[in-house]
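Please consider the structure shown below. The paragraphs that follow move from one region to the next and give the cut-offs of each term where it is used.

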Amino acid sequence: MAYWRRSPRQMQATTGQVAVAPTSPVAERPKSPRSRMMRQYDLVERVRSYNPDTNEDLLNRAYVYAMKAHGTQTRASGDPYFSHPLEVAAILTNLKLDDATIVAALLHDTIEDTEATRAEIDNIFGHEIGALVEGLTKLKRLELVSREAKQAENLRKLLLAIADDVRVLLIKLADRLHNMRTLEFVPHASRRRIAEETLDIYAPLAGRMGMQEMREELEDLSFHTLDPEAYAVVMQRLDALAERNRNLIGEIESQLSKNLQKNGIAARVYGRRKQPFSIWTKMERKSVGFEQLSDIYGFRVVMQDVEACYRALGVVHTTWPVVPGRFKDYISTPKQNDYRSLHTTVIGPGNQRVELQIRTEEMNQIAEFGIAAHAFYKEGMGSPTERLKHESNAFAWLRHTVGILSESANPEEFLEHTKLELFHDQVFCFTPKGKLIALPRKATPIDFAYAVHTDVGNRAVGCKINGQMAPLVSELNNGDEVDIITSKAQETPPSAWESIVVTGRARLAIRRATRNAVRAQYAALGRRIVERLIQRAKREYSDEKLTGALPRLARASIDDVFAAVGRGEMRPSDVEILISDSSRFRAATGWEPQIPLDQMLADTLDYWRERV
């Protein structure tokens with residue numbers, strides 16, 4: 001997803017009158033000064049601040065073990081390597097995570113980069129922490145031909161580990177965040193690759209898990225690396241706008257608070273500026289210049305409970321004119337990443353468009369920290385992964401997606417579908433029975449059918465959208481009710497659907513069904529050839545005889561044998577000899593009966609005539 005490739009409107013924006021990027025080193029931010037490494041007691045105090053029952057001995061042992069394991073290793077910045085796992089642990093303490101996660105963060109590079117082993121970590125720190133560290137360790141000595149294939153295999157391993165324990169994801173995201181914060185010390189060639197990978201995979205993954213603050217920082221750090229000139233221009237425009245509207249923001253906050261208090265509603269109101277990458281992508285998506293954006297600032301109204309949210313919405317809508325089409329209720333219909341809030345836009349003070357997000361304190365925590373907002377450190381609440389299975393739609397989506405993606409036939413295909421699943425915004429549609437189905441934007445009824453069930457997708461022949469017959473290639477919109485019409489006569493979907501659908505699940509299912517159909521045709525052809533050859537030899541064929549010969553044919557099933565014969569990968573005479581148990585005669589004489597070429601062609605033509 002090349003967000004850093006600029007549209008003509010954006011190119012014009014970067015050369016406008018308000019701010020022209022300097023011609024000297026725009027790309028380079030000043031190198032971060034080296035900070036003092038966190039001490040053992042600092043780490044313990046950070047964890048104790050939110051978890052008074054923390055295991056201090058465990059934290060201290062992990063600190064000392066990791067420091068000794070990394071020894072004299074240094075990072076590209078010249079800092080001791082141990083400073084990196086310390087910073088990762090510090091990021092996770094800000095998310096208030098449990099002791100095992102903090103310890104795994106301290107140890108996360110030990111298996112990969114030091115002499116430490118999984119068995120040793122299990123022995124010292126326990127199986128739980130050992131499994132977390134193992135899940136974060138890249139695969140070594142991959143015999144793959146491309147960097148993309150290696151990246152895909154490592155990502156597959158990571159996602160499977162995440163599905164087992166979500167804390168692996170939180171540590172990995174914190175690890176990537178600190179690496180991005182120190183990216184200026186990495187060689188330029190690697191810098192761009194790491195930033196692209198972050199923007200393609202890790203930032204969207206953080207967003208899917210509801211961790212918006214981390215997502216935004218990962219996106220902005222990647223944006224700065226991939227298009228430093230555009231980043232500088234957007235920042236200059238934002239700073240100039242902030243200077244002009246300095247009093248306006250405070251005025252809006254004040255008026256909102258006063259109007260709510262006047263109606264007996266207690267609320268916390270604060271303004272927030274959108275991030276450079278978000279602004280840049282909106283300019284690209286809508287093909288507009290910076291001056292045409294009207295929602296650069298958003299205001300959050302945080303309430304005590306859900307009822308107060310709707311009361312606040314009524315006050316806002318009766319005080320200022322509403323911008324049509326800009327109201328969304330994510331409280332009654334949460335996003336798939338657990339995000340809940342009321343969104344509306346009004347014409348506020350100074351005739352300025354004011355974008356409002358109204359939510360409770362709990363919703364605000366989930367909006368900022370996503371799955372990390374769940375209290376992992378509390379005892380007696382079950383394992384984090386088991387708890388999230390019941391509490392988090394985001395984690396349920398992740399486990400479901402991993403299950404689908406793990407069926408990909410090759411690494412590059414897996415990487416392609418992972419990016420598809422992570423990137424798209426969503427539309428919400430309904431089955432005739434009222435079940436909610438979340439799909440990417442631009443999804444079709446074919447995608448909808450496969451989201452319901454693979455068999456429904458494979459047998460789909462038509463659909464009704466909101467009670468009206470519609471083509472299967474129609475684009476779905478929010479709120480559509482979709483009824484899929486199926487036929488048992490169709491077992492294999494058209495292969496052309498693969499280029500129409502937008503979800504990884506549908507694409508994988510179509511590709512798999514097509515492969516299976518082709519394989520079945522080859523197997524049927526191979527069976528016909530073998531059976532006719534055996535008939536000519538005046539012998540009897542049975543599946544039982546062929547099953548006994550499978551080990552000698554190096555095939556797992558009868559269908560595998562027939563498919564190999566049909567594709568021309570195995571000689572039918574070899575199958576006939578083994579079934580007839582004449583291997584000793586063959587070994588003694590070296591004789592092999594060969595089916596005449598003209599007869600094989602005739603058999604093949606007969607087979608296809610019957611199929612047609």
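Arg 192 is found in helix 11, which covers residues 188-208; helices (H or I, at least four residues) and strands (E, at least two) are DSSP runs, numbered from the N terminus. With a relative accessibility of 32%, Arg 192 counts as partly exposed. Buried means under 20% relative accessible area, exposed means over 50%, and partly exposed lies in between (1.4 Å probe, protein chains only). Between the C-alpha atoms of Arg 192 and Asp 227 there are 9.9 Å, although the two residues stand 35 residues apart along the chain.

The model is predicted: local features need pLDDT of at least 70, side-chain atom pairs count only at pLDDT 80 or more, and totals for chains, interfaces and linings use all residues. Residues are numbered from 1 along each chain as its sequence is written, and side-chain values use heavy atoms, with hydrogens and water left out.

The protein chain contains 28 helices and ten strands. Of its 612 residues, 50% count as buried. Contact means heavy atoms within 4.5 Å; among contacts in the protein chain between residues at least 6 apart in sequence, 66% join residues at least 24 apart.

Aromatic rings come next. Rings of Phe, Tyr and Trp (its six-membered ring) pair if their centres lie within 6.5 Å; planes under 30 degrees apart count as stacked, over 60 as edge-to-face and the rest as tilted. Six aromatic pairs are found in the whole structure. In one of them, the rings of Phe 223 and Phe 277 have centres 5.8 Å apart and planes at 65°, so this pair is edge-to-face. Phe 223 belongs to helix 12 (residues 212-226) and Phe 277 to helix 15 (residues 276-286), so the pair ties together parts that are 54 residues apart in sequence. Both Phe 223 and Phe 277 are buried. Phe 223 also pairs with Trp 280: the ring centres are 5.8 Å apart and the planes stand at 35°, so this pair is tilted. Here too helix 12 is tied to helix 15, and the parts are 57 residues apart in sequence. The relative accessible area of Phe 223 is 1%, and Trp 280 counts as buried at 1% relative accessibility. Ring pairs join Phe 223, Tyr 231, Phe 277 and Trp 280 into a cluster.

Tyr 231 leads on to helix 13 (residues 228-244), where the buried residues include Tyr 231, Val 233, Arg 237 and Leu 241. Helix 13 has 17 residues and reaches 25 Å from its first C-alpha to its last, close to the 24 Å expected at 1.5 Å a residue; the expected span is 1.5 Å times one less than the number of residues.

A nonpolar core is a set of buried Ala, Val, Leu, Ile, Met, Phe, Trp, Tyr and Cys residues joined through side-chain atoms within 4.5 Å. The largest has 100 residues, and Leu 92, Ile 102, Leu 107, Phe 125, Ile 129 and Met 211 have the most contacts inside it. Leaving aside neighbours within four places in sequence, Ile 129 touches residues including Leu 58, Ala 100 and Leu 107. Another core, of 22 residues, lies apart from the largest one and has Val 427 and Leu 439 among its members.

Strands are considered next; two strands pair if DSSP finds at least two bridges between them. Five strands form an open sheet with mixed pairing, in the order 1-2-5-4-3. Its edge strands, strand 1 (268-273) and strand 3 (328-329), each pair on one side only. Strand 2 (residues 297-303) and strand 5 (residues 353-360) run parallel and are joined by six bridges, with Val 302 partnered by Arg 359 in strand 5.

Elsewhere, strand 8 (residues 460-465) runs antiparallel to strand 10 (residues 482-486), with five bridges between them. Three bridges join strand 8 to strand 9 (residues 468-470), also antiparallel, and Lys 464 stands opposite Met 469 in strand 9. Strands 8 and 9 form a hairpin with two residues between them, and Asn 466 in the turn has a positive phi of about 55°. Most residues other than glycine have a negative phi. At 46% relative accessibility, Asn 466 counts as partly exposed. Lys 96 also has a positive phi, near 60°, and lies in the loop between helix 4 (83-94) and helix 5 (99-107).
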